[in-house]
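I set out to record what I looked up in this structure. The entries follow in the order in which I made them.

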Amino acid sequence: MHRLPSGTVRVFVSPMAAYDAVSLRQLERAVLVPEEQRRSRAILRSPSRDAFIAAHALKRLVMRALLGHAPSFACEAGGKPVLAGNTLHFNISHCDSHVALALCGSAPVGVNVESVPMRVSMPQVMQAALTASERSRVMAESDPERSFLIHWTAKEAYVKATGEGLARGFDTLTLGADAGPLHLLGERVAAHSLHCRSAREHVLSVCALGEKEDAVQEVRIESVICSLRGVEVLHSR
């Protein structure tokens, strides 16, 4: 697997349709550590449990290939997972249809992926997650659900990059409506670069902190499948 070029965010996306029950159990037993195995077995909903296994297997297999050894993880004060003894930044996300891993060597990074169609009621979530102007904008679109998911995943990726998580109210962030690169506005919004991909079965956003010219020049998205042999790249863009 190629090393991580400076100024590049690599995003590995894996479709859950590529896995069956046997392959997931193999990954759980052979790749996940005991604590992750315990957490996976505590998840009652099968699609959520399967996505958890695939996401953590993806994280461990990709990092093992990049580092040349098994990764070790720790947590920052706010609870955000970090790679112990290494400056490589990472973040994972999973939904029923896909799992994702984002890596960046030069800046903190966050990623969020959500299935299309949504599993929850959009009006209920939209009330809490979007500002009034964003709600009006979303409902005026030809595909309100997809527009909502672009807003939602952008905000989720940002708060995962900063480490604020759900402690930051999403209604304190506004997705810029002007022409040009995607960006978030609001009080105490750190400089960032934001990239969104809207695909047939999912919407994905990735956010890297820092001024774009200093931190990130390229976002590379790769579709992959995990197995006991490692990570197979299907295609990249």
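The entries below cover the sheets, the cores and a few single residues.

**Basis.** I worked from a predicted model, in which local features need pLDDT of at least 70 and side-chain atom pairs count only at pLDDT 80 or more, while totals for chains, interfaces and linings use all residues. Residues are numbered from 1 along each chain as its sequence is written, and side-chain values use heavy atoms, with hydrogens and water left out.

Entry 1: I took helices (H or I, at least four residues) and strands (E, at least two) as DSSP runs, numbered from the N terminus. Two strands pair if DSSP finds at least two bridges between them. I found an open sheet of five strands in the order 4-5-1-11-12, with mixed pairing. Strand 4 and strand 12 (230-236) are its edges; each has a single partner strand, so one side of each is left without a neighbour in the sheet. From one strand to the next, the twist averages 25°; for such angles, axes are lines fitted to C-alpha atoms, for helices over the stretch in contact, and angles run from 0 to 180 degrees between N-to-C directions. Six bridges join strand 4 to strand 5 in the antiparallel sense. I noted Ser93 opposite Ala100 of strand 5.

Entry 2: I then traced an open sheet of three strands, ordered 6-10-9, with antiparallel pairing. Its edges are strand 6 and strand 9, each with a single partner strand, so one side of each has no neighbour in the sheet. Here the twist averages 10° from one strand to the next. Strand 9 and strand 10 (residues 202-209) pair in the antiparallel sense over seven bridges, and His192 has Leu209 of strand 10 as its bridge partner. Helix 6 (residues 144-162) lies across strand 6, strand 9 and strand 10, and runs at about 35° to strand 10.

**Entry 3: the cores.** Which residues have the most contacts inside the largest nonpolar core? They are Leu27, Leu58, Val62, Leu101 and Leu103, in a core of 28 residues. A nonpolar core is a set of buried Ala, Val, Leu, Ile, Met, Phe, Trp, Tyr and Cys residues joined through side-chain atoms within 4.5 Å. Buried means under 20% relative accessible area, exposed over 50%, and partly exposed in between (1.4 Å probe, protein chains only). Helix 1 (21-30), helix 3 (46-67), strand 4 (89-94), strand 5 (98-104) and strand 11 (218-227) each supply at least two residues of this core. Helix 3 gives the largest share, 11 residues. Apart from this core I found another, of 23 residues, including Trp152, Ala154, Leu184 and Leu209.

**Entry 4: Arg135.** This residue lies in helix 5 (residues 132-139). Arg135 is buried yet has no salt bridge, and the nearest side chain of opposite charge, Asp171, is 7.0 Å away. A salt bridge is a side-chain nitrogen of Lys or Arg within 4 Å of a carboxyl oxygen of Asp or Glu; Lys and Arg count as positive and Asp and Glu as negative, with His and the chain ends not counted.

**Entry 5: backbone details.** Most residues other than glycine have a negative phi, and most peptide bonds are trans. I recorded a cis peptide bond from Val116 to Pro117, with omega near 5°. Pro117 is in the loop between strand 6 (109-115) and helix 4 (122-129). Arg188 has a positive phi, near 55°. Arg188 lies in the loop between strand 8 (184-185) and strand 9 (192-198). Is Arg188 buried or exposed? Arg188 counts as exposed, because its relative accessibility is 66%.

Note on methods:
Contact means heavy atoms within 4.5 Å.
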